[in-house]
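These are my notebook entries on one protein model. I record what I looked up and what I found.

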Amino acid sequence: PNACETAYNLIVENDVDILQFSFVIHEYDKDGNISNIRVQNPAREEIFYGREQIQDCYFININKNHFTTLLWDKIFKTELVKLAHSKMDSFYCIYTQDLYEFYYIAYYAKKMLGVFTEPLYSYNLGRGLNGNKKISLEKFEQLCQEIQNVRRIRKFLEYEGSLEEQEKYLSGWKKILQNHCCDVFCRRVKTEDFDQAVKILYSYFNEENDAEEITT
């Protein structure tokens with residue numbers, strides 16, 4: 001009930017563009033029962049300054065720092081989000097909307113802070129569209145198709161004149177998406193669809209080193 005007030009006060013008090021707070025995950029089993037509850041905090045409370053430090057946290061050292069590319073565990077300055085949205089393409093995105101949007105937000109952010117709080121958001125893992133239910137080949141391919149957003153971001157970076165310096169972050173962004181697709185493949189593809197899903201996965205992640213990483 002006090003999540004918005006708490007997050008707002010924290011971002012004003014610390015005067016940062018992005019503030020990431022703690023959240024709780026309720027994991028559900030296939031029968032719809034809660035199987036586990038865990039709280040996730042940022043790994044450390046520290047202000048990061050400038051695009052490079054912020055993008056390092058989110059696209060290079062994401063697992064180490066517990067900084068996520070999600071939108072719902074953060075509060076943002078309004079002007080930052082408006083700027084990011086003014087540069088984004090408008091298109092129908094079924095999955096990974098957070099990941100696409102957050103690239104632009106992190107690109108323009110100047111100060112970011114992770115704060116340990118009482119959980120301000122409750123995420124139900126295993127329910128809804130992105131739950132643990134088995135996924136059709138059509139839906140799985142729609143997920144893999146999100147790799148096409150790399151082209152959207154690359155076009156934006158070319159326009160900004162920063163593609164060369166951003167390549168490692170774009171590669172990190174792509175790796176996050178690739179890992180998500182592999183995770184969905186392992187957990188949610190039906191056994192009888194396994195062979196066809198393998199072909200779909202490799203057909204979309206087909207650049208140099210992709211096949212080796214997916215196989216691993």
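This is a predicted model: local features need pLDDT of at least 70, side-chain atom pairs count only at pLDDT 80 or more; totals for chains, interfaces and linings use all residues.

Entry 1: How many residues of strand 2 are buried? I found that six of the six residues of strand 2 (residues 23-28) are buried, and the strand is mostly covered. In a regular strand the side chains alternate between the two faces of the sheet. In strand 2, Phe23, Ile25 and Glu27 point one way, while Val24, His26 and Tyr28 point the other way. Strand 2 is joined to strand 3 (residues 34-40) by six bridges, and these two run antiparallel. Phe23 has Gln40 in strand 3 as its bridge partner. The hairpin of strand 2 and strand 3 has five residues between the strands, and in this hairpin Gly32 takes a positive phi near 85 degrees. With strand 7 (residues 122-125), strand 2 pairs in the parallel sense over four bridges. There, Asn124 of strand 7 is the bridge partner of His26.

**Entry 2: helix 5.** I checked the length of helix 5 (residues 97-108) against expectation. At 1.5 Å a residue its 12 residues should span 16 Å, and the end C-alpha atoms are 18 Å apart, which agrees. Is helix 5 enclosed or open? Because 11 of its 12 residues are buried, helix 5 is largely enclosed by the rest of the structure. The buried residues include Asp98, Phe102 and Tyr108. I listed what they pack against: strand 1 (18-20), helix 2 (50-60), strand 5 (74-76), helix 4 (78-87), helix 7 (149-160) and helix 8 (163-188).

**Entry 3: positive phi.** Most residues other than glycine have a negative phi. I noted that Asp15, although not a glycine, has a positive phi of about 50 degrees. Asp15 is in the loop between helix 1 (3-14) and strand 1, and at 42% relative accessibility it counts as partly exposed. Thr96 is not a glycine either, and it has a positive phi of about 50 degrees. Thr96 lies in the loop between helix 4 and helix 5 and is buried, with a relative accessible area of 17%.

**Entry 4: cysteines and the last helix pair.** I searched the whole structure for disulfides and found zero. For Cys181, the nearest cysteine sulfur is that of Cys144, 4.2 Å away. Cys181 counts as buried at 0% relative accessibility, and Cys57 counts as buried at 3%. Cys181 also belongs to a helix contact: with Cys182 and Phe185 in helix 8, it meets Phe194, Ala197, Val198 and Leu201 in helix 9. The axes of helix 8 and helix 9 (residues 194-204) come within 11 Å and cross at roughly 175 degrees. I therefore recorded helix 8 and helix 9 as roughly antiparallel to each other.

Terms used. Residues are numbered from 1 along each chain as its sequence is written. Side-chain values use heavy atoms; hydrogens and water are left out. The expected span of a helix is 1.5 Å times one less than its number of residues. Buried means under 20% relative accessible area, exposed over 50%, partly exposed in between (1.4 Å probe, protein chains only). Contact means heavy atoms within 4.5 Å. A disulfide is a pair of cysteine sulfur atoms within 2.5 Å. Axes are lines fitted to C-alpha atoms, for helices over the stretch in contact, and angles run from 0 to 180 degrees between N-to-C directions. Angles under 35 degrees count as roughly parallel, over 145 as roughly antiparallel, 65 to 115 as roughly perpendicular and the rest as oblique. Two strands pair if DSSP finds at least two bridges between them.
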